[in-house]
Amino acid sequence: MRSYGALLSLKEFFDLFWRRNADLKVKIPKGMEAPFMNASDDESAKVKSLIDTFTAEQATKFEQELFKQRKRL
């Protein structure tokens, strides 16, 4: 936003995070997630729930991969 002056509405953020949950190829920096960690309104809470869902799925995936690696060792 600082570099290019781009502005996104909450609807666009919701769409972006929803697409990331559907397609793991979509990469979003942690800095874009940070403002939603203390969601105060309903729309921000929806985005936060998408972020939380993605984080939980990734944690499960990484734990399974770690288990495979430890078992292999």
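The second largest pocket is lined by Arg20, Leu24, Val26, Lys27, Ile28, Lys30, Glu33, Phe54, Thr55 and Gln58. A pocket here is an open set of points on a 1 Å grid over the protein atoms alone, where a 1.4 Å probe fits, with protein on both sides within 12 Å along at least five of seven lines; lining residues have an atom within 4 Å of a point. The model is predicted, and local features need pLDDT of at least 70, side-chain atom pairs count only at pLDDT 80 or more, and totals for chains, interfaces and linings use all residues. Residues are numbered from 1 along each chain as its sequence is written, and side-chain values use heavy atoms, with hydrogens and water left out.

**The second largest pocket**
- The volume of the second largest pocket is about 180 Å³, a volume being the space filled by probe spheres set on grid points that are joined across faces, edges and corners.
- At least two lining residues come from each of α2 (30-33) and α3 (42-72); helices are DSSP runs (H or I, at least four residues), numbered from the N terminus.
- α3 gives the largest share of the lining, three residues.
- The lining is made up of four nonpolar, two polar and four charged residues. Ala, Val, Leu, Ile, Met, Phe, Trp, Tyr, Cys and Pro count as nonpolar, Asp, Glu, Lys and Arg as charged, and the others, Gly among them, as polar.

- Arg20 belongs to helix α1 and counts as buried because its relative accessibility is 2%; buried means under 20% relative accessible area, exposed over 50%, and partly exposed in between (1.4 Å probe, protein chains only).
- Not counting residues up to four places away in sequence, Arg20 touches Val26, Ile28, Glu33, Ile51 and Phe54, where contact means heavy atoms within 4.5 Å.
- Val26 sits in the loop between α1 and α2.
- With residues up to four places away in sequence not counted, Val26 touches Leu16, Arg19 and Arg20.
- Val26 and Leu16 are ten residues apart in sequence, and their C-alpha atoms are 8.5 Å apart in space.

**Nonpolar core**
- Nine residues form the largest nonpolar core: Phe13, Leu16, Phe17, Val26, Ile28, Phe36, Val47, Leu50 and Ile51. α1 and α3 each supply at least two residues of this core.
- A nonpolar core is a set of buried Ala, Val, Leu, Ile, Met, Phe, Trp, Tyr and Cys residues joined through side-chain atoms within 4.5 Å.
- Val47 is in contact with Leu10, Phe13, Phe14, Phe17 and Phe36, leaving aside its neighbours within four places in sequence.

**Helix α3**
- The 31 residues of α3 should span 45 Å at 1.5 Å a residue, and the end C-alpha atoms are 45 Å apart, which agrees. The expected span is 1.5 Å times one less than the number of residues.
- Ser44, Val47, Leu50, Ile51, Phe54 and Gln58 are buried in α3, and what covers the buried residues of this helix includes α1 and α2.
- Ser44 counts as buried because its relative accessibility is 11%.
- Leaving aside its neighbours within four places in sequence, Ser44 is in contact with Leu10, Phe36 and Ala39.

**Exposed lysines**
- Lys25 lies in the loop between α1 (10-22) and α2 and is exposed, with a relative accessible area of 71%.
- The C-alpha atoms of Lys25 and Gln64 are separated by 20 Å, with the two residues 39 residues apart along the chain.
- Lys68 lies in helix α3 and is exposed, with a relative accessible area of 53%.
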